[in-house]
Amino acid sequence: MSTRLEIVQDFGSAGDIVAFLQRHVNPRMTSEAFEWQFVRIPDRPVLTVTRDANGICCTQSFLPHDLHHAGGTLPTVKSEHSFLLPTYRGTPVFTDAYAAGLAASADAGRRICWGFTPAVKVWRDRLGFEVFDEIMCECVARIARPRFAFSPFPKGPMRSIYGLLRRTAVSLRTLFHRPARSTDLRAQDRPAQVSEIDALFAAIAPVETVRLDMNAAFLEWRFTANPNTRFHVRTFRSPNGLAGYYIL
């Protein structure tokens, strides 16, 4: 079966791509979400599409993001929207689409590609990426007091007992080990300035820290203009400046 690989040039007329991504990659993909991700993003992304006689069979995109490192910025792309129809597994269709997207990104001056995926073997063995296992840190934040809850349909007696003991332990820690409240911190709902964020990281993070370069254009696109999610921002300031922030 013959296929045709293309690099999308006109993101404004991509109705079949939106439908394909919605069906196979992200059910929340809409025309508005597609426009936000591919048109309104501060720099131009790369999207490769492979078609056969029946339509699209493979997609791969590379979204431009600058990384902040050692006082400077690195132009990079993040690997996204990776999908290949099962009938083409074991063929060069996906690797060819990926190689074309990497080459187009490099031509635009972005020669570093990164991403997150559970498909470690594909990216390491077929695409030649360096893979770092077990480096993601899962963080669980408690934003309300734990509540006891009993299900009328327990999944198993021992599991129910374990859950009850665990919730009891969390509640006791909440009662007897409350963190001291600082009196010199002011909490505000307005976002931090880019210069404040950079100064905070410079003060508390090791010099080798790699993070997204959260410039004004990125913050506007990623959080303010995002049609998919509402974000809640809280900043904490001391007399010396920004002491911390979170985006929920």
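Is Trp36 buried or exposed, and what is its relative accessibility? Trp36 counts as buried, at 5% relative accessibility, where buried means under 20% relative accessible area, exposed over 50% and partly exposed in between, with a 1.4 Å probe and protein chains only. The model is predicted, so local features need pLDDT of at least 70 and side-chain atom pairs count only at pLDDT 80 or more, while totals for chains, interfaces and linings use all residues. Residues are numbered from 1 along each chain as its sequence is written, and side-chain values use heavy atoms, with hydrogens and water left out.

**View 1. The ring pair of Trp36 and Trp221.** Rings of Phe, Tyr and Trp (its six-membered ring) pair if their centres lie within 6.5 Å, and planes under 30 degrees apart count as stacked, over 60 as edge-to-face and the rest as tilted; by this rule the count comes to 15 aromatic pairs. The ring centres of Trp36 and Trp221 are 4.6 Å apart with the planes at 10°, so this pair is stacked. It links distant parts of the chain, with Trp36 in helix 2 (residues 31–38) and Trp221 in helix 7 (residues 216–224), 185 residues apart; helices (H or I, at least four residues) and strands (E, at least two) are DSSP runs, numbered from the N terminus. Trp221 is likewise buried, at 4% relative accessibility, and ring pairs link Trp36, Phe218, Trp221, Phe223 and Phe231 into a cluster.

**View 2. The ring pair of Tyr98 and Trp123.** Here the centres are 5.9 Å apart and the planes stand at 85°, so the pair is edge-to-face. Tyr98 belongs to helix 3 (residues 93–107) and Trp123 to helix 4 (residues 120–126), 25 residues apart. Tyr98 is buried at 1% relative accessibility, and Trp123 is buried at 12%.

View 3. Two strands pair if DSSP finds at least two bridges between them; four bridges join strand 1 (residues 4–7) to strand 2 in an antiparallel arrangement, in which Leu5 has Thr50 as its bridge partner. Strand 2 also pairs with strand 3 (residues 55–69) in the antiparallel sense over seven bridges, with Thr59 as the partner of Val49, and these two strands form a hairpin with two residues between them.
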